[in-house]
Amino acid sequence: MTKIGVVVGTLRKESYSRKWAKNIVELLPEGYEVEFLEIGNLPLYNEEYDANSPAEYTAFREAVARQDAIIFATGEYNRSIPGVLKNALDVASRPWGQSVWGGKPALVVSHSIANLSGSLAQFHLRQILAFLDMPVLPQPEVMLANSQNLIGEDGKVNNQGTIDFLQSVVDAFVPFIEKHKA
């Protein structure tokens, strides 16, 4: 069983980021186990905690460590990733030399309610993941514009073209995971 952790970069319970992530993981084939890794309870990273980490840090690091791959789904805040997502990346990459992200294949999904599709958040997140030694699926890039028009009231993608695109993403990510998983 291949384990995929999902990190949703926004905290709102009904966020589009969460809805996109749920739609994508429903397309995974059998043999993949999905765990949504919650980040909203993590205290802000502070190096002073390295010697005696809060329980939330330890639990999150352990959750990341048991995954074979990670899907990041995020919106764009002020032309970058949300602070809560950056905090989660920092928490699980510390103490220095003990990152639990390294080597895990990743898929980056960005979106927006505008036409920019979270492209700058995607760019910034890919830079961070490169430093964290996470191979990121290079193509197809998943930048979704106008989320409010593509996801219905029920939280499901509402058009076949987008579903087909997301399936092509999953179809590319599955062999990428198998190629890169430790």
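Q: Which strand does Thr74 lie in?
A: Thr74 lies in strand β3. The model is predicted.

Q: Why is Thr74 called buried?
A: Buried means under 20% relative accessible area. Thr74 has a relative accessible area of 0%, so it is buried.

Q: What does Thr74 touch, not counting residues up to four places away in sequence?
A: Its contacts include Gly9, Ser17, Pro82, Leu85, Val109 and Ser110. His111, Ala121 and Leu125 are also among them.

Q: What makes β4 and β5 a pair?
A: Two strands pair if there are at least two bridges between them. β4 (residues 106-111) and β5 have three bridges, so they pair. The sense is parallel. Leu144 in β5 is the bridge partner of His111.

Q: What is the order of the five strands in the open sheet?
A: The order is β2-β1-β3-β4-β5, with parallel pairing.

Q: Why is one side of β2 and of β5 left without a neighbour in the sheet?
A: Each stands at an edge and has a single partner strand, so one side of each has no neighbour in the sheet. From one strand to the next, the twist averages 20°.

Q: Which strands does helix α4 lie across?
A: Helix α4 (residues 119-131) lies across β3, β4 and β5. It runs at about 155° to β4.

Q: Which residues of helix α2 are buried?
A: Tyr57, Phe60, Arg61, Ala63 and Val64 are buried in α2 (residues 55-65).

Q: How do you know that they are on the same side of α2?
A: They cover an arc of only 160° around the axis, which puts them on the same side of α2. What covers the buried residues of α2 includes β2 and α3.

Q: What makes the contact of Glu38 and Arg18 a salt bridge?
A: A salt bridge needs a side-chain nitrogen of Lys or Arg within 4 Å of a carboxyl oxygen of Asp or Glu. For Glu38 and Arg18, the N to O value is 3.4 Å, so the pair is a salt bridge. The pair links distant parts of the chain, 20 residues apart. Glu38 is in the loop between β2 and α2, and Arg18 is in helix α1.

Q: Why is Arg18 called buried?
A: Its relative accessible area is 12%, and buried means under 20%, so Arg18 is buried.

Q: What makes Lys156 and Glu26 a salt bridge?
A: The closest N and O atoms are 2.7 Å apart, which is within 4 Å, so the pair is a salt bridge. Lys156 is in the loop between α5 and α6, while Glu26 is in the loop between α1 and β2.

Q: What makes Glu35 and Arg66 a salt bridge?
A: The N to O value is 2.9 Å, which is within 4 Å, so this pair is a salt bridge too. Glu35 is in strand β2, and Arg66 is in the loop between α2 and β3.

Q: How many salt bridges does a search of the whole structure find?
A: The search finds six.

Q: Why is Glu30 called exposed?
A: Exposed means over 50% relative accessible area. Glu30 has 81%, so it is exposed. Glu30 is found in the loop between α1 and β2. Its C-alpha atom is separated by 9.6 Å from that of Thr2, 28 residues apart along the chain.

Q: What is the value of phi that marks out Ser117?
A: Phi of Ser117 is near 60°, a positive value in a residue other than glycine. Ser117 sits in the loop between β4 and α4.

Q: Why is Ser117 called buried?
A: Its relative accessible area is 9%, which is under 20%, so Ser117 is buried.

Q: Why does Asn146 count as partly exposed?
A: Asn146 has 22% relative accessibility, between the 20% and 50% cut-offs, so it counts as partly exposed. Asn146 lies in the loop between β5 and α5. It also has a positive phi, about 55°, although it is not a glycine.

Q: What kind of peptide bond joins Gln139 and Pro140?
A: The bond is cis, with omega about -5°. Pro140 lies in the loop between α4 and β5. The peptide bond from Arg94 to Pro95 is cis as well, with omega near -5°.

How values were computed
Residues are numbered from 1 along each chain as its sequence is written. This is a predicted model: local features need pLDDT of at least 70, side-chain atom pairs count only at pLDDT 80 or more; totals for chains, interfaces and linings use all residues. Side-chain values use heavy atoms; hydrogens and water are left out. Helices (H or I, at least four residues) and strands (E, at least two) are DSSP runs, numbered from the N terminus. Buried means under 20% relative accessible area, exposed over 50%, partly exposed in between (1.4 Å probe, protein chains only). Axes are lines fitted to C-alpha atoms, for helices over the stretch in contact, and angles run from 0 to 180 degrees between N-to-C directions. Contact means heavy atoms within 4.5 Å. The arc is that of the directions from the helix axis to the C-beta atoms.
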